[in-house]
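Biologist: I'd like to learn how to read this model feature by feature. Could you take me through it?

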Amino acid sequence: MISVKQVSKSFHGNCVLDHISFEIPDQTATALIGPNGIGKTTLLNILCGSLVPDSGEVTSETPDFQREIFTVLSGSHQLYAKNTVKENIEFLAVLRGLSNSDIRQNLDRYLPSFPLYDSVKNKLFEELSTGQKQLMILLAALVTNSRYLILDEPTEGLDLDHKRALLHAVTSIRNTKTILITSHDSDFITSAAERFLFLKDGQIAVEKEHLDTKEFLEIYEALYLQGESL
Amino acid sequence: MRIIWYECKMDVLRTFRYKMGLVSDLVIYTLLLCFFFWSNTGQSFQELYGVENYQALLLLGYVAWTFSVTAISTIASQLLAELQRGTLFFKLHSRLPLQILYLGDLLSSVLVQTIVVIIYSVVTYFFFGVRYIVTLPIVAAFLISILGMYGIGLMIAGLSLYYKRIGAVVLLVQLFLLFVTDTIPTSPVITEVSSVLPLTMCNTVIRNSFVHKDLGMTFLLLCVVSLLWFAAGYIVFDCFMKQAKKKGNLLLY
């Protein structure tokens, strides 16, 4: 479990996170919700360790847990354009200390959920479409044995086909990995996530479980568009 | 070691797939060297080292400079490029600290620059009749000074993480090194001051080795100074990395 305790962060005098506290239980898919500029990316960066909070802490039972986080960003430019898909995936796994046999084992384990791999593995990463890139980055996350996955707007720019493939992949692993997702895609997020944390004014304003799209949109509208407190 | 090797392998593959980078390096380094030979730069080495073949001495210094600027620019420019691309994030969570991981890129760059060095050496052999022999002490001096210059590169990389925009700093440093490290003949007063740089010391060692002069303590001093610069670069980089994380310069975009 990852615990966020009283974390605050300001930029140029502007308070983005204000003594925020919450937990991300193991082997669940949690959604972080809020409009642009609410502090989601700031929070993700603090969780990953690439940003130090002004106060508070992020802890886990595993001391070096941030090394076990893998982030899939929107935009899909994260891997090396002039290396092949196979080279990229192997490299990311090697960076985390996996042996060749571990990599092979993990590929064999997850490939059934990623049938695309065999047809693109020897292509340069830049030759893939946006959707293909996102799927391959997610495969890389799984092959590296990362315990925690952060998916930041993973469906941005994806067509319906690839969105479905991504959703299928996420739902197939959510009982074995701890996943944190941010997305403006209400259909995707309500299908992929089990817990929902709605951010507002630098804190968690609402915490819910198992929302369908209608319930999700009602809360979203009330909280952000009508400015209600729930 | 395996991680460093993979880092090296990935970078070599990218370098040969991005062909323009290699070609532009080759053209620029060769043209600059040819200009130095054509303008008889380095004649003062004749008197200083007591040999006719001053061009070989100039070329040896130029080779050392080529590797040195590679060592500096490898980490400085790569790091910023990876930050903007989003791939740095994966490396932040690597088993190895960045300063050690990027030794893989350094190795890759040195291998690629060796090809550039061989080519321009061949060109200057045919056009200017310049010949030189690379002995074990010369190779050792190159490698040790590369490590020291990499340390300087770590400092610049740390600065680039913190300030983000370093513009032409790397280019200025490269030019600065050309003129103050006795790569091309420099005033003794300047080389006295710049002798703390691994490249200046390397130039002394390789030229003395080439003319079969006694290296004395110079080689040992080169080793010590290079290791100190590497250690200093390692620490400075760490400090700037921590400050960059506080400032939010490593934010995922």
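Biologist: How far apart do the end C-alpha atoms of residues 59-81 of chain B lie, and how much of the span is helix?

Modeller: They lie 31 Å apart, and the span is 100% helix and 0% strand. Helices (H or I, at least four residues) and strands (E, at least two) are DSSP runs, numbered from the N terminus. For residues 134-159 of chain B the end C-alpha atoms are 35 Å apart, with 92% helix and 0% strand. Before going on: this is a predicted model, where local features need pLDDT of at least 70 and side-chain atom pairs count only at pLDDT 80 or more, while totals for chains, interfaces and linings use all residues. Residues are numbered from 1 along each chain as its sequence is written, chains are lettered from A and ligands numbered from 1 in the order in which they are written, and side-chain values use heavy atoms, leaving out hydrogens and water.

Biologist: Which residues of chain B does UniProt list for "transmembrane region"?

Modeller: The unreviewed UniProt entry lists residues 20-39, 59-81, 102-128, 134-159, 166-184 and 217-237 of chain B. UniProt positions are in the numbering used here, feature names are shortened, and annotations may be inferred rather than shown by experiment.

Biologist: Over to chain A. In what order do the strands of the open sheet come?

Modeller: General idea: strands of a sheet pair through backbone hydrogen bonds, either parallel or antiparallel. Here, two strands pair if DSSP finds at least two bridges between them. The open sheet has six strands in the order E5-E6-E7-E3-E8-E9 (chain A), with mixed pairing. Strand E5 (69-72) and strand E9 (203-209) of chain A are the edges, each pairing on one side only. From one strand to the next, the twist averages 20 degrees.

Biologist: How many bridges join E3 to E8 of chain A?

Modeller: Four, between strand E3 (residues 29-33) and strand E8 (residues 195-200) of chain A, which run parallel. A:Leu32 stands opposite A:Leu197 in E8(A).

Biologist: And which helices pack on the sheet?

Modeller: Contact means heavy atoms within 4.5 Å. Axes are lines fitted to C-alpha atoms, for helices over the stretch in contact, and angles run from 0 to 180 degrees between N-to-C directions. Helix H1 (residues 40-48) of chain A touches E3, E5, strand E6 (148-152), strand E7 (178-182) and E8 of chain A, at about 155 degrees to the direction of E6(A). Helix H8 (residues 213-225) of chain A touches E3, E8 and E9 of chain A, making about 15 degrees with E8(A).
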